[in-house]
Amino acid sequence: MEIIDGKKISSEIKEECKEAALKLIEKGITPCLAVILVGNDPASSIYVNNKKKACEFCNIKSLSYELDENTSEEELLKLIDKLNDDDSVNGILVQLPLPKHINEDHVIDRISPLKDVDGFHVNNVGALCTGLDGFVSCTPAGIIELLKRSNVDITGKNCVVIGRSNIVGKPMALLMLRENATVTICHSKTVNLKDICKNADILIVAIGKPRFVDSSFVKKDAVVIDVGIHRDENNKMCGDVNFDDVKDIVSKITPVPGGVGPMTIAMLMKNVIKASERY
Ligand code: NAP
């Protein structure tokens, strides 16, 4: 069994972004990401801080907008309009979730698709569906990098994705299809989930339930990608997969922590570089 090392691979990608940023700076373009946080949710604050730190490491300028919890939707949309019009800003990220009085769909829709480095805008999702170039949601894009940089051959493989969220499951399935896998998407209404998973050469689990997938779901020598992030009853981090139970069956597996998690921010940096290069 081989552990797919997300920490190492994400560091490589950040190093590549750092070099790419330097080349852009030499050409007079300073890559710049604007990060907007509304309210003071502690988890969101940690994510935003980590994104700022990654920008600093990669020579990407970061602008931070920390707005009061009671900011109106209109005020937030106005700020997005201003950043859309600002040529010195290459990427715009609004940290989700937003307070309940703000409609997330309106906000995502307002970000220019050319600056939508999270890849959530409907134009970018449409581009992914039709095979056009665009920004891809960072977590699934990171999983493709993990597979490729770990020499996992995707073409022709049976891939099962558990989960159909807009952020992970759906774009993940589309990306695996783009890489020529034969893809099955499972969700909470799927019948015979275990049987379907047992057929997977590559099993990608984004179900949001701690240690849900055990050895009874996994084919011998399968590659298992665990997207989940949880803290168990002992405050220990774990994923959607019961790592100890499946580790002797799989050929490769991502651990939690240190698997998919670090890839998300690395791919965000990659998207900011792409936005800056397009500019
Ligand atoms: P989500 O929006 O809650 O989606 C979960 C999906 O799992 C849904 O499609 C749901 O089906 C399906 N599901 C739930 N119970 C099921 C069951 N018993 N059998 C089969 N399918 C079932 O979650 P998400 O945003 O995609 O995130 C998934 C996990 O990844 C979470 O643990 C999250 O914290 C983690 N995550 C990690 C990163 C990272 O950077 N590593 C990024 C994003 C998310 P229905 O559609 O039918 O409800």
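Analyst: Start with contact, which here means heavy atoms within 4.5 Å. The model is predicted. Leaving out residues up to four places away in sequence, Leu147 touches Val152, Ile154, Met176, Ile202, Val223 and Ile225.

User: Which residues have the most contacts inside the largest nonpolar core?

Analyst: A nonpolar core is a set of buried residues of nonpolar kinds joined through side-chain atoms. The largest one here has 53 residues, and those with the most contacts inside it are Leu33, Leu147, Met176, Ile202, Ile204 and Met269. Helix α10 (residues 261-278) gives the most to this core, with nine residues. Because domain 1 (27-118) and domain 2 (138-261) both give residues to this core, it lies between them. Another core, of 17 residues, lies apart from it and includes Ile162, Ala200, Val218 and Val224.

User: In what order do the six strands of the open sheet run?

Analyst: The order is β1-β11-β8-β7-β5-β6, with parallel pairing. β1 (2-3) and β6 (182-186) stand at the edges with a single partner strand each, so one side of each has no neighbour in the sheet. Val224 stands opposite Ile253 in β11.

User: How many residues surround the ligand, and which are the closest?

Analyst: There are 22, the closest being Arg164, Ser165, His187, Ser188 and Thr264. For polar contacts, look at pairs of N or O atoms. A polar side-chain atom of Ser188 is 2.5 Å from a ligand oxygen atom. For the side chain of Thr264, an N or O atom lies 2.7 Å from an oxygen atom of the ligand. Ile229 uses a backbone N or O atom, 3.4 Å from a ligand oxygen atom.

How values were computed:
Residues are numbered from 1 along each chain as its sequence is written. This is a predicted model: local features need pLDDT of at least 70, side-chain atom pairs count only at pLDDT 80 or more; totals for chains, interfaces and linings use all residues. Side-chain values use heavy atoms; hydrogens and water are left out. A nonpolar core is a set of buried Ala, Val, Leu, Ile, Met, Phe, Trp, Tyr and Cys residues joined through side-chain atoms within 4.5 Å. Buried means under 20% relative accessible area, exposed over 50%, partly exposed in between (1.4 Å probe, protein chains only). Helices (H or I, at least four residues) and strands (E, at least two) are DSSP runs, numbered from the N terminus. Domain bounds come from an automatic or database domain assignment. Two strands pair if DSSP finds at least two bridges between them. A residue is near a molecule or strand if one of its heavy atoms lies within 4 Å of it. A polar contact is a pair of N or O atoms within 3.5 Å; within protein, one must be able to donate a hydrogen and the other to accept it, and residues adjacent in sequence count only if both atoms are side-chain atoms.
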